Amino acid sequence: MRSPSPTVLGVEELPGRLAELLGSGGRLAGVFVDEAPDERLRLVVVGADAGGLSISAGYMARDDRHYPSLSAVTPAAAWYEREIQDLYGLSAEGGAPQEPLLLHLAPGSPRPRPGLGSHLEAAPAPGESAPGASRPGAAEIRSDDGQVPAEVTGPGVFTLSYGPVRSGVFESVGYLLETPGEDLPSVRARVHYKHRGIEAGFTGLDVGHGVLLAERVEGVASVAHAIAFCQAVETIAGVSPPSAAELSRLWHAEIERVANHLDSMLRHTEAAGQAVAYARLSFHREALMRIRAMASGHRFSRGVVVPGGVSGPPMCDPGELLRSLEKLREALEADLELLMSTPSFLDRLRRTGVIPCELAALYGALGPLGRGSGHGVDVRASRPYSAYERLGIRVSGARDEGDALARQHVRVEEIAESMRLAVVAAEKLRELATGSTPDWCLPIDPGITGEALGSVEAPQGELITWVRATGGRLRRVKPRSASFHNFALFSSAFPKDIFTDFAFVEGSFGISIAGVAG
Amino acid sequence: MPWVTRGLRSGVVTTRYPRRPDGYPGPWVGSVRPRTSPPGEVDSGLDLESLCPTGAIRWEDPVVTVDRGRCILCMRCVRERPDIFVADGEVEVAVLHPSALVSPGPGSDDERALATLRTDLLRRTRALRRSVHIRHVDAGSDGTEEWEIAALTNPVYDVQRLGIFFTASPRHADILLVTGAGSGAMTGPLVETYEAMPSPKVVVAAGTDALSGGMHAGSYATTGGVTASLPVDVLVPGSPPSPFSLLHGILLAVGIVADRSGGGKQHEG
Ligand code: SF4
């Protein structure tokens, strides 16, 4: 895939640019900070429209701590601005004041500033501490269980804090619910509990170690993150992975998609008290994890995708792989058909967690969330990579009900298509095994220098990963997960819902908190 | 109700582990260690340490060791130097002390220390052997550990058959099962959960991230594992550990199975 190159602008031109993009039917895909090759600081805005991705890099004056607000142009920018405030101490001017998102630091603490060289630390902003103390220690990061100002006021309204330790085996996340009783007029997600400082962790690694960290950004989508990272690295290196590797990547990515979609359904069936359906689906997911382990030695397919291709041929007999896959496909199809005709299950999802189409479009909602609300972005079809073009992907149409049921329908259809693709890819891999030994990986220049963007359709939706490297060392890696982008919409999903619907709304969003918190 | 017949369709799918070894662990990677011919010795100084993304490989002329408390099973060392490193499908990888995670294994001093730990743990958990309640807390995982823990309740592992239950309330919990690299903001809630649990209690740290921080060890936002925040009794390496390894860790915590260096079974449940 070709990576767009940045259009260089002054930072003050960015809001106008963004408004133009949105006005012509485009959407905001991401915002992040990086150092330019000339060591100046730039605010990078990634946009998307029918023509693909575009990058606008707004250069900031040295020592400048402010940039013109983008969230004044679109609410989709708000979480990005909060992230940038937390990680870099740069703030948007002219927007609403922002609550911390990823990092609750004491005022005046130094910021981690992933990817920036020393020149910024030499010039701390007013109120920030002296240079040298470049990073906060883990002890300075506050869990912030203290007071957060109420958003909703009225008679009988009370604030309920839910999490970060959940009831059940889930990732840690906090929710602040403001409620007069059963309705949920305000739900605010607090994701900073899990912040691991992932982006700073990339700096200085070589690309071989970098892909291992990419796999851990959002572990349940290890393959997607590894492919997006490697795509960017391969673009910089000018290498196209061999076609056998592309097939293998596609196979692992589609199996990963099914596993994630099943996770959303496991949450739904558990919350709905559908014990047998839950047991059946969890049994199928286990079968799926074992098939992945059979093929790769790892239940999450880690270690398969490497810069330049894949680490080797499937570890098992391709015929056996195909047989297990076909057996699973049949069983899964039958159970999903039954699930989708179980009225007591469907009733819980219908009109639950509605995201209206206009709102989804405004935020540029991604993945099954977007497709359930009339917004049909799918990178596999719009900017095909790996072997998608070769194998041909049938994208199911978007639905416009916008509720949890619509998202469930989208996932059921996607599982069918993913299983079809996985079977076709496995057949091709079997053919390869009988012929001459194919190439699985091409060498990457160990001293690569450059920058590029990779993008794939992760199970959660469009994932974009920015990579900048000099002399073979990573300087800046910014994975923008669909989980991060979509989670900003979570608080809008509750106007009509009551507390008992919470699990369904959460399950249908299909968010990985690790992918949000970074 | 069509789901009833559907539920019967597959017959018995449940593993017989730990009563019998499960046939499944085979083609996949459970642990990585230096080859043993002679035990861990390599004949020349090599740049082996830089192969490893987490510093799990140590070279102290002439011995090379792998610390499974740091190893994320990336297989890079095995791929690059198959003459020195080897992977196996071992799943019973949980141990009682960090020194037991280093191969080649602990010396006799460590063995004596381990025996003390073992006796102490058994004394504490005598009452838990028939039924045990687990409280899980994520302290900055990448999300995979939670899937593998949740898998323990699927029909294949079905841990309820062993009297193992997950509980929402720390007040009902015997075991604290912790995942994640120890994110700074989770330290408070994690310690509070531990303190809310009644005694006797056991802490199981699950996953290489929880043991050492894994690839997040040096991060400004983590404490490099949870051992700095809690007294950890059982360590389960893996990135993430498989459901079998997690089950091994839980059974080890309540004294139903023994750790690898401890020889055969110590008690029947
Ligand atoms: S498998 Fe990877 S993490 Fe483990 S010792 Fe080898 S190189 Fe290090």
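1. In this predicted model, helix α7 (residues 243–271) of chain A packs against helix α15 (residues 404–434) of chain A, with the two axes coming within 8 Å and crossing at roughly 150°. Angles over 145 degrees count as roughly antiparallel, and α7(A) and α15(A) are therefore roughly antiparallel to each other. The handedness of this crossing is left-handed. Sorted by class, the residues in the contact of α7(A) with α15(A) are 17 nonpolar, six polar and five charged.

2. Helix α15(A) also meets helix α17 (residues 502–509) of chain A, and here the angle is about 35° while the axes lie 9 Å apart. The crossing of α15(A) with α17(A) is left-handed. On the side of α15(A) the contact is made by A:Ala404, A:Arg407 and A:Arg411, and on the side of α17(A) by A:Phe504, A:Gly507, A:Ser508 and A:Phe509. By class, these residues divide into three nonpolar, two polar and two charged.

3. How far apart are the axes of α7(A) and α17(A), and at what angle do these helices pack? Their axes are 8 Å apart and the angle is about 170°, which makes α7(A) roughly antiparallel to α17(A). From α7(A), the residues in contact are A:Ser264, A:Arg267, A:His268 and A:Ala271, and they meet A:Ala503, A:Phe504, A:Glu506, A:Gly507 and A:Ser508 of α17(A). The contact of α7(A) with α17(A) has three nonpolar, four polar and two charged residues.

4. Turning to the interface between the chains, the contact takes 68 residues from chain A and 60 residues from chain B. The size of an interface is often given as the accessible area lost when the parts come together. For chain B and chain A, the area buried between them is about 5,200 Å², and 62% of it is on carbon and sulfur atoms. Within the area that chain B buries against chain A, B:Trp3, B:Trp147 and B:Tyr220 supply 21%, which is more than any other three residues.

5. The surroundings of the ligand also deserve a look. Which residues come nearest to the ligand? Of the 13 residues around it, these are B:Cys52, B:Cys71, B:Cys74, B:Met75 and B:Cys77. Divided by class, the shell around the ligand holds twelve nonpolar residues, one polar residue and no charged residues.

6. A:Arg351 is placed in the loop between α10 (343–349) and α11 (357–363) of chain A.

Key
Residues numbered from 1 in each chain as written. Chains lettered and ligands numbered in written order. Predicted model: local features only at pLDDT ≥ 70, side-chain atom pairs only at ≥ 80, totals over all residues. Heavy atoms only, no water. Near = heavy atom within 4 Å. Nonpolar A, V, L, I, M, F, W, Y, C, P; charged D, E, K, R; others polar. Axes fitted to C-alpha atoms, helices over the stretch in contact; angles between N-to-C directions. Helix = DSSP H or I, 4+ residues; strand = E, 2+ residues; numbered from the N terminus. Parallel < 35°, antiparallel > 145°, perpendicular 65-115°, else oblique. Left-handed = near helix turned anticlockwise from the far one by under 90°. Contact = heavy atoms within 4.5 Å. Buried area = accessible area lost by both parts, 1.4 Å probe.
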